Amino acid sequence: MDFSSLPVSADVVIAGGGITGAGVLREAIRMGLSAVLIEQKDYAWGTSSKSSKLIHGGLRYLKEGKVHLTMDSVIHRERLIREAPGLVSSLGFYMPVYEDKGPGKLMLETGLTVYDLISKKKQHHYLDRDEFTKILPGLDKKGLKGGFYFHDAQVDDSRLVQRLISESKALGGYSVNYTRLTDIHRDLKGMVNAVTVQDIETGKPHEIKTKAVINATGAWAESIMKSPNPAYHLRPLRGSHLVFPKETFSFNDAVTLIHPSDKRPLFIIPWESVYIFGTTDIDHKNDLSKEPSMTKQEAVYLIEALDYYFGSLGKGIKDAISSFSGIRPVLSRGNVPPSKESREHAVWENKGLVTVTGGKLTTFRKLAWDALKAAKAYISINKGINEKQPAFTLNASTRSDSDLISERAWKRLSGRYGKNAHDIIKGWDGKVTEISGCEITWAELKFSSANEQIRHLSDLLQRRTRLGLLLPNGGSEILDELGQIVKPVLGWDEHKWNEEVEIYKKEWQKFHRPPVI
């Protein structure tokens, strides 16, 4: 990494390039602060590329009595749907009601009514047994009484992170990936006055003078700052998903199911050109610096539920095309099952070091605001936090060159790349075509390679685009064609390309190939 583009001083340095860190960077720049974000792996490498891709209110939090968490989540969900079309979109959910399993009709009706009251619009209704089974062919009918239809939303999580970072940099912010925070320096009074960062691959160091460090490293947060409460610590929880091709199911909306063994909610979610099925929720005991992967036991757990509800379809692990696992940074007081842990966030302070951790993808702006409010004690801030401003700058204006891209594809492109959507089209010779089997275009791959700090092939295929999840074998069949497009842009020779391809294929087999059960 060439650190010559980084400043030698900044108002705030942010550690962590997931959704929380990216949100802090975006809000800091909006406030007129000079800000630098560093990420020890790749942007969104951790939890923020491996979520269930949902922007949701958290219906289950109502049952737990956490009404304020649901209220915050619904408010942010509605804002993101309005402010990021093409990136965040409304998604319908079906939830069956059975005589002898799962919550009953009255309980669900009460919860969904409260859900609608918070969002200030009615978004649910009940369907009888016949209507429900027509919409969800293959669903187990034994004891089925009917079911509810309601709304939440979904997102491309890693593109959400990347858009926040991209817009921040366009407005004067700085960010670097594959760079770790190695030291936090303090003056004689113990106040933060500088940090040292280091490229993890070259070992090159760089010092930045600053009076505020925001630790937004998620599950890694306590490696930088221990919880000030000895009874309150991070509990890394792993959530794993299976990915199925679009021909597996025939419904267009998501389905919420209750696992037969432990009564946890699971989701079958249509996303991009596939279905995501998950998630598990178990303690992660492995090294956090290593990529997590689904275990055989987790796969068995998910397939057990799939067989229970959709056994007549005959689908199983053999039909899954990929899997992925992420680590949730959950704050715990201990002695409760993983799924009972709170998804609330916390902010800790220590003389210029501010830690923000926990929380949900949906409420990333609230985490950012709370972190920056805590940092105000250490830095001079001319502009206050304006919570009414949109999360993003406006999407790119109406498409030009309409013969090169469809209206549907344009909406997707402008949502995921903002104003850069025009540059994607301009930088491509000929029609902006989609890669067979998904909605991602070849033009995006070229643009990302040139503009989005690609260090490794997995950065491009797992996070800037999602081809590693959407295509069989991680997209191995398109690698030759891909190489012809991106090698010149990345400046990789044939040796470097072949090396990256070999590493990528091995990583995919180890971390994203569905387990054999």
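Mentor: The model is predicted, so local features need pLDDT of at least 70 and side-chain atom pairs count only at pLDDT 80 or more, while totals for chains, interfaces and linings use all residues. Residues are numbered from 1 along each chain as its sequence is written, and side-chain values use heavy atoms, with hydrogens and water left out.

Trainee: Why is the contact of Lys121 and Glu78 called a salt bridge?

Mentor: The term requires a side-chain nitrogen of Lys or Arg within 4 Å of a carboxyl oxygen of Asp or Glu. Between Lys121 and Glu78 the N to O distance is 2.8 Å, so the pair meets that definition.

Trainee: What makes this pair a tie between separate parts of the sequence?

Mentor: Glu78 belongs to helix H3 (residues 67-83), whereas Lys121 sits in the loop between helix H4 (105-119) and strand E5 (125-128), so the parts tied together are 43 residues apart in sequence. Helices (H or I, at least four residues) and strands (E, at least two) are DSSP runs, numbered from the N terminus.

Trainee: How do you know whether Glu78 is buried or exposed?

Mentor: Buried means under 20% relative accessible area, exposed over 50%, and partly exposed in between, with a 1.4 Å probe and protein chains only. Glu78 has 11% relative accessibility and therefore counts as buried, whereas Lys121, at 40%, is partly exposed.

Trainee: Which residues are linked in a network of salt bridges?

Mentor: The network links Lys53, Asp156, Asp157, Glu272, Arg416 and Arg466. Among them, Lys53 and Asp157 have their closest N and O atoms 3.0 Å apart, and both residues are buried.
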